[in-house]
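Dear colleague,

Please find the structure below, together with its sequence. My notes on what was found in it follow directly after.

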Amino acid sequence: MLQIGSKVRYCNANRVIFSSALFGRRLLATEAAPIPQAAAPTLTKEQAKKREMKRLALKKAEAKKPANIHPLYMPIPLALRYLRSAEVGRPTQHQTITVTTLVVADKGNAALAGNILFPHPLKQMKIAIFSSNKEKLDELKSKYSKQVKIAGGEDMIADIKSGKIKVDGVNKVFATPEIFPTIASQLGRVLGPKGLMPNLKKQHQNTVGEDLDSLIEENLGQVSFRQRGNSLSVSVGRCNFSDRDILENIIAVRNAFKQSVSSQVAKKPSILGKTTISTTAGPGIVIDFQ
């Protein structure tokens, strides 16, 4: 205890504060000095580069490890059982099953991108078909009755331009070459902003040609994907899909991802790492994607 004058305040290891009857004011007797912080070491460019290369090598080694040694690994059928149980009580349209794959890439590698042709599409696509050949239109409308929303020739183009017929709900537009210039000149302002203009040159997404049947078949279940950050993520089904349907969609995703890696222009192509399957409200479960 510390006593000065007529009043005692307190004393601890860090400071002593007391009142002085003589001077009538508070005095600070002692104060612990702050401990100086050590400055972080500065790395040279060469050291920083070596550290970055070491981290990348560790990531690549981790990506090449088999999935079944991961503590969160499950075979796909078992994983689907747990994921479906996590979605009980939610609306079916919200029970989306997603596959996410980590991508390990050297600095400067272009982002992976491509298209997936799903054997079991997540949603029913609605299409519009334009052709001067009435027999061909009738044949396609009969074959793709659930998908075709609009089908016709120049009269149909005029009706769409005037606003008499709406293209709302249409996902893709197909056309034969002879009517394509008319569509481009008359419907550019209608279809363009919606991303529906028929495509003549874009690889894997061509929607203009004489053989519309093949083009429609190729595009009906096709979904685009693109690397975001260090991962690729694609929805592969809903909880009401059968295990077989989901597995076939996952195989289609795997093939598309690997095709994107093989076509990548780089000294060292990217590596596909850990893959997880998850649902909207469920956890991420590691699966064998190889």
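**Overall picture**

In this protein, residues 24 or more positions apart account for 67% of the contacts with a separation of 6 or more. Please keep in mind that the model is predicted. The protein contains eight helices and twelve strands, and buried residues make up 36% of its 290 residues.

**Helices H2 and H8**

Two packed helices are described by the angle between their axes and the distance between the axes. Helix H2 covers residues 76-86, and its axis and that of H8 come within 11 Å and cross at roughly 115°. The crossing of these two helices, H2 and H8, is right-handed. On the H2 side, the residues that take part are Ile-76, Pro-77, Leu-80 and Arg-84, and they meet Asp-243, Ile-246, Leu-247 and Ile-250 in H8. Sorted by class, the contact of H2 with H8 has six nonpolar residues, no polar ones and two charged ones.

**Helices H3 and H7**

Helix H3 (residues 134-143) and helix H7 (residues 212-219) have axes that come within 11 Å and cross at roughly 30°. Because angles under 35 degrees count as roughly parallel, H3 is roughly parallel to H7. H3 passes H7 in a right-handed crossing. Lys-136, Leu-140 and Lys-143 belong to H3, and they meet Leu-212, Asp-213, Ile-216 and Glu-217 of H7. This contact of H3 with H7 has three nonpolar, no polar and four charged residues.

**Aromatic residues**

How many aromatic pairs does a search of the whole structure find? The search finds two. Phe-257 and Phe-289 form a tilted aromatic pair, with 5.9 Å from centre to centre and 55° between the planes. This pair links distant parts of the chain: Phe-257 lies in helix H8 (residues 243-262), while Phe-289 lies in the segment after strand E12 (285-287), 32 residues apart. Phe-257 counts as buried because its relative accessibility is 0%, and buried means under 20%. Phe-289 is also buried, with a relative accessible area of 5%. Phe-225, Phe-257 and Phe-289 form one aromatic cluster.

**Three individual residues**

Is Ser-131 buried or exposed? Ser-131 counts as buried, because its relative accessibility is 3%. Leaving aside neighbours within four places in sequence, Ser-131 is in contact with Lys-136, Leu-137, Gly-152, Gly-153, Thr-176, Glu-178 and Ile-179. One of these, Lys-136, is also among the H3 residues that meet H7. The C-alpha atoms of Ser-131 and Pro-177 are separated by 8.3 Å, although the two residues are 46 residues apart along the chain.

*Ala-151.* Strand E7 (residues 148-152) is the place of Ala-151. With a relative accessible area of 15%, Ala-151 is buried. Which residues does Ala-151 touch, not counting residues up to four places away in sequence? They are Ile-129, Leu-137, Lys-141 and Met-156. As for Ile-129, it is 22 residues from Ala-151 in sequence and 4.6 Å from Ala-151 in space, C-alpha to C-alpha.

*Ile-69.* This residue is found in the loop between helix H1 (45-63) and H2. Why does Ile-69 count as exposed? The reason is its relative accessibility of 57%, since exposed means over 50%. Along the chain, Ile-69 and Val-286 are 217 residues apart, and their C-alpha atoms are separated by 9.9 Å.

With kind regards

Conventions: Residues numbered from 1 in each chain as written. Predicted model: local features only at pLDDT ≥ 70, side-chain atom pairs only at ≥ 80, totals over all residues. Heavy atoms only, no water. Phe/Tyr/Trp six-rings, centres within 6.5 Å; stacked < 30°, edge-to-face > 60°. Helix = DSSP H or I, 4+ residues; strand = E, 2+ residues; numbered from the N terminus. Buried < 20%, exposed > 50% of the residue type's maximum accessible area, 1.4 Å probe, protein only. Axes fitted to C-alpha atoms, helices over the stretch in contact; angles between N-to-C directions. Parallel < 35°, antiparallel > 145°, perpendicular 65-115°, else oblique. Left-handed = near helix turned anticlockwise from the far one by under 90°. Contact = heavy atoms within 4.5 Å. Nonpolar A, V, L, I, M, F, W, Y, C, P; charged D, E, K, R; others polar.
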